[in-house]
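Here is a short tour of a protein model, written for someone who likes to see the cut-offs beside the values.

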Amino acid sequence: MRALQYAGAGTAPQVVTLQRPAPGPGQVLLKVTAAGVCHSDFAVMSRPDEALGFPLPLTLGHEGTGTVAALGEGVTGLALGDPVAVYGPWGCGTCPMCARGKENYCTRAAELGIRPPGLGAPGAIAEYMVVDDPRHLVPLGALDPVTAVPLTDAGLTPYHAVKTSLPKLTPGSTAVVIGTGGLGHVAIQLLRALTPARVIALDVTDEKLRLAREVGAHDAVPSDQHAAAAVRELTGGLGAQAVFDFVGAPPTVSTATACAAVEADVTIVGIGGGAASVGFGTTAYNVAVRSPYWGSRAELTEVLDLARAGAIDVHVQTYAMDEAPTAYEDLRGGRVHGRAVILPNG
């Protein structure tokens, strides 16, 4: 089978030919329909090989949809051909967090060497992939697997972030979304679907700001040194009750905290290396700063239900398997508007 692999520091991902895997006991083999491309992959590829903690080469792709191709011994509840989405943040399944379906916060994953597909385990940018346990598969039903595949991260991650702040997003409130790309443009739709809040979007390009307006942002503001002041002006000096930073770089984190109203939530989702300064006189009174990770299995089901209801629609750019390296070049170059999706068997 063909797969997109990262071989080590200083190399670009390449399409290679591998042996088709077979599922072991308790595992499921998927024929991959679609796989998403994410900025998080660059975090893997930018680290020294010895710092990764898992063997290379690595098949990339932590967003995946597919059809069940084979069942390992003991697997029940699935049938060949079933269309499914892969829940990515695999955990041990038995710790207190996993027992509540919050495998994204598994307390034993590092100890046991459990890693997400595409971020340590073989990922979804391949013609076939092995899923370690059927609990990590969610039925797709009639959803389009190509437009649904980003929901496993680009939908689930902002949903998990937004859901925490729903009590603060009451009528008359404001939410700020910084970075309106793959995750941010979904966050805007979620905020419009789930809250009555005014949504202000921040980004650095006119194209991303246009996309933000298209998917429902009430206001779109350039993300620069004047952004926080612009948010304050739009909110009558009060600031926003919830700020979601999907970039996470030092300048955007500074903007995020500067936008926050009294008792606001600041949620740093992006992994751009920024860190928030919090303290008396630094932020508004009683601001809560969070740095969440991915989302729970139950939340993925909720996200897919929102897609079925027509509440969210991910903008995608598709690539054939031979074009997979180009997808990463386009993402790095800012040429992807929405989410890049690779069709390994297309």
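## Rings, helices and covered residues

Tryptophan 294 counts as buried, with a relative accessibility of 4%; buried means under 20% relative accessible area, exposed over 50%, and partly exposed in between, with a 1.4 Å probe and protein chains only. This is a predicted model, in which local features need pLDDT of at least 70 and side-chain atom pairs count only at pLDDT 80 or more, while totals for chains, interfaces and linings use all residues. Residues are numbered from 1 along each chain as its sequence is written, and side-chain values use heavy atoms, with hydrogens and water left out.

Which kind of aromatic pair do tyrosine 293 and tryptophan 294 form? Their pair is edge-to-face, at 5.7 Å centre to centre and 80° between the planes. Rings of Phe, Tyr and Trp (its six-membered ring) pair if their centres lie within 6.5 Å, and planes under 30 degrees apart count as stacked, over 60 as edge-to-face and the rest as tilted. Three aromatic pairs turn up in a search of the whole structure. Among them is the pair of phenylalanine 280 and tyrosine 285, whose ring centres are 5.9 Å apart with planes at 45°, so this pair is tilted.

| Residue | Relative accessibility | Class |
|---|---|---|
| Phenylalanine 280 | 77% | exposed |
| Tyrosine 285 | 57% | exposed |
| Tyrosine 293 | 37% | partly exposed |
| Tryptophan 294 | 4% | buried |

Now to the helices. Helices (H or I, at least four residues) and strands (E, at least two) are DSSP runs numbered from the N terminus. Helix H8 (residues 227-234) and helix H9 (residues 250-259) have axes that come within 9 Å and cross at roughly 25°. H8 and H9 are therefore roughly parallel to each other, a label for angles under 35 degrees, with over 145 roughly antiparallel, 65 to 115 roughly perpendicular and the rest oblique. H8 contributes Ala227, Ala228, Val231 and Arg232 to the contact, and H9 contributes Thr255, Ala258 and Cys259; contact means heavy atoms within 4.5 Å. By class, this contact between H8 and H9 has five nonpolar, one polar and one charged residues.

H9 has Thr252, Val253, Thr255, Ala256, Thr257 and Cys259 as its buried residues. Their cover includes H8 along with strands E9 (174-178), E10 (198-203), E12 (240-245) and E13 (260-268). Threonine 283 sits in the loop between E13 and strand E14 (288-290) and counts as buried at 14% relative accessibility.

How many of the eleven residues of helix H6 (residues 184-194) are buried? Eight are, and H6 is mostly covered. The buried residues of H6 are Gly184, His185, Val186, Ala187, Ile188, Gln189, Leu190 and Leu191. Helix H5 (156-164), E9, E10, helix H7 (206-214), E12 and helix H10 (297-308) are included in what covers them.

Leucine 211 lies in helix H7 and is buried, with a relative accessible area of 5%. Leucine 211 touches Thr180, His185, His315, His337 and Gly338, again leaving out residues up to four places away in sequence. From leucine 211 to glutamine 19 there are 192 residues in sequence and 41 Å in space, C-alpha to C-alpha.

Notes:
Axes are lines fitted to C-alpha atoms, for helices over the stretch in contact, and angles run from 0 to 180 degrees between N-to-C directions. Ala, Val, Leu, Ile, Met, Phe, Trp, Tyr, Cys and Pro count as nonpolar, Asp, Glu, Lys and Arg as charged, and the others, Gly among them, as polar.
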